Amino acid sequence: MNNLNSENMCNCCNSANSCGGTNGISWDREKCEYCGPCAIKCPNDAIMVVNPKGLELPSRAKTERANEFKMCDLCGTCVSACPTEALQMGKIVHNEKEYDRIEFTPSLCDSCGACVEICPQNVLKLNEEYKLKGFCVMCLKCIDACDKTKKNALSLK
């Protein structure tokens, strides 16, 4: 369960390492130790990690799995599937470069679940409090958390 397909290639760019999308946050599986601060710091639950001890983060649920990583890769599939246009592709600027991000308007969401069902990374979740979580807003808190561990498995590209 990560951004790699059954041939162990990235779902969006077909490289040997998951890139996290064509424009944005890049994940390097060779550097990742599946420790999870990135998932814990993500304010929108757009990252899920299962650590080596089988703890799923950020939910802290115990599982039989280990060493898994998945994140919203900003592919836009959810945006295309949204019948009410509650999800839109937006832009944000970091270091004078423009990046894509997912923008959500809760008042337009009818909780139909089309976006959750079609998400290729299986990170979107509907709930009553926030309506929808799991999409990347490009806040970069995950990169900061990873940098603090000195692993540098996440980077902005």
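1. Strands β2 and β3 form a hairpin with four residues between them, and G54 in the turn has a positive phi of about 85°. Strands here are DSSP runs of E with at least two residues, numbered from the N terminus. The model is predicted: local features need pLDDT of at least 70, side-chain atom pairs count only at pLDDT 80 or more, and totals for chains, interfaces and linings use all residues. Residues are numbered from 1 along each chain as its sequence is written, and side-chain values use heavy atoms, with hydrogens and water left out.

2. The pairing of β2 with β3 (residues 55-57) is antiparallel and runs over two bridges. Two strands count as paired if DSSP finds at least two bridges between them. Within this pair, V49 has L57 of β3 as its bridge partner.

3. Strand β2 also pairs with β5 (residues 68-71), again in the antiparallel sense, over four bridges. Here I47 stands opposite M71 in β5.

4. These strands belong to an open sheet of four, in the order β4-β3-β2-β5, with antiparallel pairing. Because β4 (61-62) and β5 stand at the edges with a single partner strand each, one side of each is left without a neighbour in the sheet.

5. Strand β2 (residues 47-50) is covered on both faces: I47 and V49 on one side, and M48 and V50 on the other, are all buried. Buried means under 20% relative accessible area, computed with a 1.4 Å probe on protein chains only.

6. The largest pocket has a volume of about 170 Å³. Its lining comprises 13 residues, of which D45, M48, E56, P58 and K125 are the closest to its centre. On a 1 Å grid over the protein atoms alone, a pocket is an open set of points with protein on both sides within 12 Å along at least five of seven lines, whereas a cavity is a set where a 1.4 Å probe fits but cannot get out; lining residues have an atom within 4 Å of a point. A volume is the space filled by probe spheres set on the points, which are joined across faces, edges and corners.

7. By class, the lining of the largest pocket has six nonpolar, two polar and five charged residues. Nonpolar covers Ala, Val, Leu, Ile, Met, Phe, Trp, Tyr, Cys and Pro; charged covers Asp, Glu, Lys and Arg; the others, Gly among them, are polar.

8. The largest cavity has a volume of about 120 Å³. Of its 17 lining residues, I25, C42, A46, C136 and C142 are the closest to the centre.

Terms used: Buried < 20%, exposed > 50% of the residue type's maximum accessible area, 1.4 Å probe, protein only.
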